[in-house]
Amino acid sequence: MADMSPMFRRAERRTATRKSERLVTLIGKPGCHLCDDARVVVEKVCAETGVAWEEKDITEDEDLHREYWEQIPVVLVDGAQHTFWRVDADRLRRALA
């Protein structure tokens, strides 16, 4: 389906919001107390909402380090930056609803 028009691709992305298709990414590094705090919030909210989450370490990825080193922890929702430094549980729940 490579010849699908851009209009249909945009619509396809907008409808891909089932919880099983959502992903929260926590970007941080070892020894970061803010990252530890963020992990607790992300883990709890994702468990409550049934949304998958992953963690990425900026010390193991040069591109992530270059992009986010001043902002960690950073939380992405479906690949888009949601927040950095402090994670608000209610705000994250709303983003995942």
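**The whole chain**

Of the contacts in the protein with a separation of 6 or more, 64% are between residues 24 or more positions apart, a contact being heavy atoms within 4.5 Å. This is a predicted model, in which local features need pLDDT of at least 70 and side-chain atom pairs count only at pLDDT 80 or more, while totals for chains, interfaces and linings use all residues. Residues are numbered from 1 along each chain as its sequence is written, and side-chain values use heavy atoms, with hydrogens and water left out.

Colour the chain by secondary structure: the protein has 4 helices and 4 strands. Here helices (H or I, at least four residues) and strands (E, at least two) are DSSP runs numbered from the N terminus. Read from the N terminus, the order of elements is α-β-α-β-α-β-β-α. Of the 97 residues in the protein, 33% are buried; buried means under 20% relative accessible area, exposed over 50%, and partly exposed in between, with a 1.4 Å probe and protein chains only.

**Helix H2**

Select residues 33-49, which form helix H2. Its 17 residues reach 25 Å from the first C-alpha to the last, close to the 24 Å expected at 1.5 Å a residue; the expected span is 1.5 Å times one less than the number of residues. Now show the side chains of Leu-34, Cys-35, Ala-38, Val-41, Val-42, Val-45, Cys-46 and Thr-49, the buried residues of H2. They lie on the same side of H2 because they cover an arc of only 125° around the axis, the arc being that of the directions from the helix axis to the C-beta atoms.

What covers these buried residues? The cover includes strands E1 (23-28), E2 (52-57) and E3 (74-77), together with H4.

Select E3 next. Val-74 and Leu-76 point one way from this strand and Val-75 and Val-77 the other way, and all are buried. E1 and E3 run antiparallel and are joined by 4 bridges; two strands pair if DSSP finds at least two bridges between them. Across this pairing, Leu-26 stands opposite Val-75 in E3.

E3 also pairs with E4 in the antiparallel sense, over 4 bridges, and there Leu-76 stands opposite Gln-81 in E4. The two strands form a hairpin with 2 residues between them, and Asp-78 in the turn has a positive phi of about 55°.

**His-82**

Move to His-82 in strand E4 (residues 80-84). Is this residue buried or exposed? His-82 counts as buried because its relative accessible area is 13%. Leaving aside residues up to four places away in sequence, His-82 touches Val-75, Leu-76, Val-77, Arg-91, Leu-92 and Ala-95.

**Asp-90 and the cysteines**

Asp-90 lies in helix H4 (residues 89-96) and is partly exposed, at 46% relative accessibility. A polar contact of 2.7 Å joins its side chain to that of Arg-93; such a contact is a pair of N or O atoms within 3.5 Å where, within protein, one must be able to donate a hydrogen and the other to accept it, and residues adjacent in sequence count only if both atoms are side-chain atoms. Draw a distance from Asp-90 to Val-45: their C-alpha atoms are separated by 8.5 Å, although they are 45 residues apart along the chain.

Finally, select Cys-32 and Cys-46. Cys-32 is buried at a relative accessible area of 11%, and Cys-46 is buried at 2%. The structure holds 0 disulfides, a disulfide being a pair of cysteine sulfur atoms within 2.5 Å.
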